[in-house]
Amino acid sequence: MTKIWVDADACPVVIKEILFRAAERTHTEMTLIANQPVRVPPSRFIKSMQVTSGFDVADNEIVRRCDAGDLVITSDIPLAAEVIEKGATALSPRGERHTAANIRARLNMRDFMDTMRASGMHTGGPPPLGQQERKAFADQLDKWLAKKKQQFKN
């Protein structure tokens with residue numbers, strides 16, 4: 001059975017709430033992995049896992065645990081690339097689906113922006129999560145869940 005893995009350290013609360021409702025509604029196992037304790041509602045489908053602090057510790061745990069067909073929620077582009085390589089689906093909290101076809105370009109843009117920041121240029125962060133991004137996320141999540149339900153029936 002496929003699972004949902006959440007890179008919970010940077011996942012917005014509103015997105016976690018969408019995930020909680022979806023996991024409960026569809027009886028999909030979901031694990032939130034973070035460097036700090038994460039509160040989750042009481043559910044037999046939802047659990048959290050705290051890993052030690054450190055660079056990429058949570059990311060490495062997600063990569064280690066996820067399988068082909070699983071869904072990983074992350075805004076971390078290198079993590080998305082690693083789980084895609086394992087055959088999992090990667091979805092950002094903004095509703096952007098990372099794929100084998102687009103992840104290389106996103107990694108290149110991320111590296112370019114890192115270089116710009118390192119040279120002293122202020123690039124700013126992403127805009128606040130708005131209603132449009134929340135809807136895009138919920139729509140992509142529903143598509144993935146529907147596809148998995150269909151595969152399970154066949």
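The model is predicted, so local features need pLDDT of at least 70 and side-chain atom pairs count only at pLDDT 80 or more, while totals for chains, interfaces and linings use all residues. Residues are numbered from 1 along each chain as its sequence is written, and side-chain values use heavy atoms, with hydrogens and water left out. Helices (H or I, at least four residues) and strands (E, at least two) are DSSP runs, numbered from the N terminus.

**H2 against H3**

- Two packed helices are described by the angle between their axes and the distance between the axes.
- For H2 (residues 57–65) and H3 (residues 77–85), the axes come within 9 Å and cross at roughly 15°. Axes here are lines fitted to C-alpha atoms, for helices over the stretch in contact, with angles from 0 to 180 degrees between N-to-C directions.
- That makes H2 and H3 roughly parallel to each other (angles under 35 degrees).
- The crossing of H2 with H3 is right-handed, meaning that the near helix is turned clockwise from the far one by less than a right angle.
- On the H2 side, Asp59, Ile62 and Val63 make the contact, and on the H3 side it's Leu79, Glu82 and Val83 (contact means heavy atoms within 4.5 Å).
- By type, the residues of this H2–H3 contact split into 4 nonpolar, no polar and 2 charged. Ala, Val, Leu, Ile, Met, Phe, Trp, Tyr, Cys and Pro count as nonpolar, Asp, Glu, Lys and Arg as charged, and the others, Gly among them, as polar.

**What H2 buries**

- Ala58, Asp59, Glu61, Ile62 and Val63 are the buried residues of H2 (under 20% relative accessible area, 1.4 Å probe, protein chains only).
- Their cover includes strands S1 (4–7), S2 (30–34), S3 (46–50) and S4 (71–73), along with H3.

**Helix H5**

- H5 (residues 131–153) has 23 residues and runs 33 Å from its first C-alpha to its last, close to the 33 Å expected at 1.5 Å a residue.
- Phe137, Leu141, Trp144, Leu145 and Lys148 are the buried residues of H5, and what covers them includes S1, H1 (13–26), S4 and S5 (89–91).

**Positive phi in the loops**

- Most residues other than glycine have a negative phi.
- His27, in the loop between H1 and S2, has a positive phi near 55°.
- Asp56, in the loop between S3 and H2, has a positive phi of about 65°.
- His27 is partly exposed at 47% relative accessibility, and Asp56 is partly exposed at 30% (partly exposed lies between the under 20% of buried and the over 50% of exposed).

Technical notes: Parallel < 35°, antiparallel > 145°, perpendicular 65-115°, else oblique. Expected span 1.5 Å × (residues − 1).
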